[in-house]
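Try each task before you read on.

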Amino acid sequence: MKQIVYIASALALLSSCGNGDGADAYGTFEATEILISSEASGRILRFDVEEGMTVNEGDIIAEVDSLQLTLQRKQLKAQMSALLAGRPDKKAQIASLKEQIAKQKTELARVENLLRGGAATGKQKDDIEAQIRVLESQLAATLSNIDRNTTSINENAVAVETQIEALEDRISKCRPQAPAKGLVLSKYAEAGELTAPGKPLVKIADMDKIYLRAYFTSAQIAGIKVGDNVKVTADFGSGNRFGYDGKVTWISSESEFTPKTIQTEDSRANLVYAAKIAVKNDGRLKIGFSGEVELSND
């Protein structure tokens, strides 16, 4: 509804542009507005931002109760420590088998020397070799079991770590931050209230990057292109007017007034198109101020 009023006002002014004031188009100043909403559920513990304040990128807007999430994270970290502590000590578990194998190999070498001297039998040698094979089989089975248990524990630890990271992300969302520098236009909640994901908290606007949304006739729009430099005059009321350098940054591709079904020549002459004209704000320009555009004669 507000935009319809703007367009109607612009048309009324355009129809009287023969009064010699030099303006080619009229409009109102706007800024890019950002609605910051809650991403967490809970009670708002702190909400120090007030309307009219300027917040910087990364500033914490509010703090939502995250006690339960913090306790869950603490529990998962304890679970992670217990898992890691339960990983088998491979070196300790296979040390005894390796020592037995080494002793049997030493005994095998001694028996082989005795066998060459006729002081031992072939059966003694075969028995020792069989014992070594049994021990080596036990070692391989133990190593396989240790590796399997370690892999299972590591996989469980990764799963728990993922849960911890998810909780940390949820905890971080309990402290919503400003995505950009801006002026706080509206505040929709207060400390002590309950909030939920998607519930608006504040609306900010980047007042450093302000622009005039002006409306041009179809005849005028034919001679305007993005990047053109224009002269903008801000009307502060009571005869207070200030000039600014502006640059066309966007032009609408369709009419915002005459219905598309009307195609007579006279109706096409009354079409208006919106355009955004970027202006460097010196601190005086505010959202909603009226402005005029004077096109270059080049």
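This is a predicted model: local features need pLDDT of at least 70, side-chain atom pairs count only at pLDDT 80 or more; totals for chains, interfaces and linings use all residues.

**Exercise 1.** Work out whether Thr249 is buried, partly exposed or exposed, and find which residues Thr249 is in contact with beyond its neighbours within four places in sequence.

*Solution.* Start with the cut-offs: buried means under 20% relative accessible area, exposed means over 50%, and partly exposed lies in between, using a 1.4 Å probe and protein chains only. Thr249 comes out at 42% relative accessibility, so it counts as partly exposed. Strands here are DSSP runs of E with at least two residues, helices are runs of H or I with at least four, and both are numbered from the N terminus. Now look for contacts, meaning heavy atoms within 4.5 Å. Leaving aside the neighbours within four places in sequence, Thr249 touches Val226, Lys276 and Ala278.

Residues are numbered from 1 along each chain as its sequence is written, and side-chain values use heavy atoms, with hydrogens and water left out.

**Exercise 2.** Get the overall numbers: how many helices and strands are there, and what percentage of the residues count as buried?

*Solution.* Count the elements: the protein has 6 helices and 11 strands. Then go for burial: of its 298 residues, 31% count as buried. The accessible surface, from the Shrake-Rupley method with a 1.4 Å probe and, for residues, only the protein chains shown as cover, comes to about 17700 Å². Carbon and sulfur atoms account for 51% of that surface. Finally, take contacts between residues at least 6 apart in sequence: 76% of them join residues at least 24 apart.

**Exercise 3.** Follow strand 1 (residues 25-37) and find which strands pair with it.

*Solution.* The criterion first: two strands pair if DSSP finds at least two bridges between them. Strand 1 pairs antiparallel with strand 11 (residues 290-294) over 4 bridges, and Gly27 has Gly291 as its bridge partner there. Strand 1 also pairs antiparallel with strand 7 (residues 200-217), over 11 bridges, and Glu33 stands opposite Ala205 in that strand. Now zoom in on Glu30, another residue of strand 1. With 17% relative accessibility, Glu30 counts as buried. Its side chain makes a polar contact of 3.1 Å with the side chain of Arg213. A polar contact is a pair of N or O atoms within 3.5 Å; within protein, one must be able to donate a hydrogen and the other to accept it, and residues adjacent in sequence count only if both atoms are side-chain atoms.

To finish, walk on from strand 7: strand 5 (residues 182-187) joins strand 7 through 4 antiparallel bridges, with Val184 opposite Ile204. Strand 5 also pairs antiparallel with strand 3 (residues 54-55) over 2 bridges.

**Exercise 4.** Find the order of the strands in the 3-strand open sheet, and say which strands lie at the edges.

*Solution.* The order is 4-2-6, with antiparallel pairing. The edges are strand 4 (63-64) and strand 6 (194-195), each pairing on one side only. For strand 2 (residues 42-46), the pairing with strand 4 runs over 2 bridges, and Arg46 has Glu63 as its bridge partner.

**Exercise 5.** Compare the end-to-end reach of helix 3 with its expected span, then locate its bend.

*Solution.* The expected span is 1.5 Å times one less than the number of residues. Helix 3 (residues 90-116) has 27 residues and reaches 39 Å from first to last C-alpha, close to the expected 39 Å. The bend, the angle between axes fitted to the seven residues ending at a position and the seven starting there, is about 30 degrees at Ser96. Buried in this helix are Ile94, Leu97, Ile101, Leu108 and Val111, and their cover includes helix 4 (122-172).
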